[in-house]
Amino acid sequence: KAGATVSEKSAKYLCPIPAPGKILCIGLNYRKHAEETNNPIPAYPVVFTRHAFDPVNLHLLDVLRRREPGKRHRVAVFIDGGVVQALPHLPGQIHAYFAAHSAHIDMVGDIVVLNGGEACKNDPDFISSLLKILSDKAIDRHSYAIAIGGGAILDAVGYASAIFHRGVRHIRFPTTVLGQDDSGVGVKNAVNWLGLKNLVGTFAPPWAVINDGVFIDSLPAREKRCGMSEAVKVALIRDREFFLWLEGHALALARFETVPMAYLIKRSAEIHMHQIAKGGDPFESGSARPLDYGHWVAHKLERMTSQETLSHGEAVAIGVAMDAHYSVLAGLLPAGEDLRVHQLLTTLGFKLWNDQLETRHANGRLAVLQGLSEFREHLGGELTITLLNAIGKGVEVHEINDQWVTESIAWLKQRA
C-alpha cells in the first residue's frame, strides 16, 4: 500500500553510498541469461560505481582489458558539452586516469567535446563528423569509443561506432537518470531523420556500460526527475514489489535523496536488462514493444511540443498515467489503481497535463491519436500496445478505442 516501508525483498537492493574514493560496483551481464535462452546478444557488463575516473577505481580499466589483458588499448573519448559545463574538472580527471594507467590504455588525441541534446540527433552532418573523427584517430575494431553524456550523445556516438568499420567497441557512461536506468543500458541507438524520431539506427550491444552515481549528483532537479517515469513504467508492467517500493519512497525520491535514487536506477536497469535478455525479442523483430508502455502517447506529444516545454521523461509520465486510466476504462485494470499511478507520479513532481493533448485535426479527430499509426509503422506489423491488467503486469492489445482515449485525456485534465 502507499506509504508502506520497503519490503525485505526490496531492501536487499538498497545500495550503500561509499565515501569519496571508495568503490561500489554491482556488475550485471547477460552471460547467464544468454546461456539459458540461447540469446543472440553477447554478454556485456553494466557496472554501478562512483568516482569512475578516480585512478584507484579499476572498473573502466577492467572492461577495457577484459578480452586482451596484455594489450595496450587505444581509446577515443567523447564528452557531452553540457557535462563538461556542469563538471569542468572532468576532462582533467580523465586525462589523469589514463596517465595513471598508461601501461595498459592510451587516449588517442584529445578528448572530443560535443554539443549534446536532441539538436545533435537532428543535425544531418553530425554522424559524418563523428565518423571523420574516428577515422582521423585511426580507431579500428580492436579500439574503443567512449561516450560520456546524455541520451542524445550516447545515441549518436553509439550509432557512429556501430557503423564505423561495421562496428568498433563502444563504452557508454550515461550521465542522466534516464540513461542510467533505461536507454543507456540497452542495445539500441538511433538518430532522427526526415523529421522523424530515431528513424535511422542499429541494434548494437555496447562493450560495457558504466553508471557513475556522481554524474547524477550534479544534475538539475528536472533532469533527475525525468528518468523516474521510466522506473514507474517498468514497475507497472513487470514488478509490483518495485511499484510498492516507489510508493513508499516517493517523498524521498521527490527530494532526490541519494540512496533511494541509487536503488531506483539500479532496479529499473535490472528490469530493462532482464526484458532484453529473456524477453525473447531483443532486436524487436516482432510487433510488440513491451517496454514502451505509455510511449505511443509520449512520442507523439514530444513531436507536437519542444524539448524545452516537455522532455521525454515528462511526456512518458503523461502517457503512463493516461494509459493507466484507459486500462480501467477497457476493463483491464481494477478501478482506483489508475489513481495510485497518478498519485505516485504527481508526488514525484510530474505535471500530468499538456495542452497539446486536446489539439484536433480539421476533421475533428484528436491529433495525438496519429501517434498510434506512427507507433505501429516504427515496427511494422500489427498494432500492439501494452496496457495494464494489474499493478506489475502488462497486457498487449491490438486496437485502441478513440472515445476511451478522449475520456482518458479529460480525466487527466480534471486532475491537472
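D239 caps the N-terminal end of helix α13, with a side-chain oxygen 3.1 Å from the backbone nitrogen of E241. That is inside the 3.5 Å limit for a polar contact between N or O atoms, where within protein one must be able to donate a hydrogen and the other to accept it, and residues adjacent in sequence count only if both atoms are side-chain atoms. Please keep in mind that this is a predicted model, in which local features need pLDDT of at least 70 and side-chain atom pairs count only at pLDDT 80 or more, while totals for chains, interfaces and linings use all residues. Residues are numbered from 1 along each chain as its sequence is written, and side-chain values use heavy atoms, with hydrogens and water left out.

Helix α13 covers residues 240–248, and F242, F243, W245, L246 and E247 are buried there. Buried means under 20% relative accessible area, exposed over 50% and partly exposed in between (1.4 Å probe, protein chains only). Helices (H or I, at least four residues) and strands (E, at least two) are DSSP runs, numbered from the N terminus.

Rings of Phe, Tyr and Trp (its six-membered ring) pair if their centres lie within 6.5 Å; planes under 30 degrees apart count as stacked, over 60 as edge-to-face and the rest as tilted. Here are two of the pairs.

| Pair | Centre to centre | Angle between planes | Type |
|---|---|---|---|
| W245 and Y263 | 4.3 Å | 70° | edge-to-face |
| Y326 and W404 | 5.7 Å | 70° | edge-to-face |

W245 in α13 and Y263 in helix α15 (residues 258–278) are 18 residues apart. W245 is buried at 2% relative accessible area, and Y263 is buried at 1%. Y326 lies in helix α17 (residues 312–329) and W404 in helix α20 (residues 402–414), so their pair ties together parts 78 residues apart in sequence. Y326 is buried at 4% relative accessibility, whereas W404 is partly exposed at 30%. Elsewhere, F53, Y97 and F173 form one aromatic cluster.
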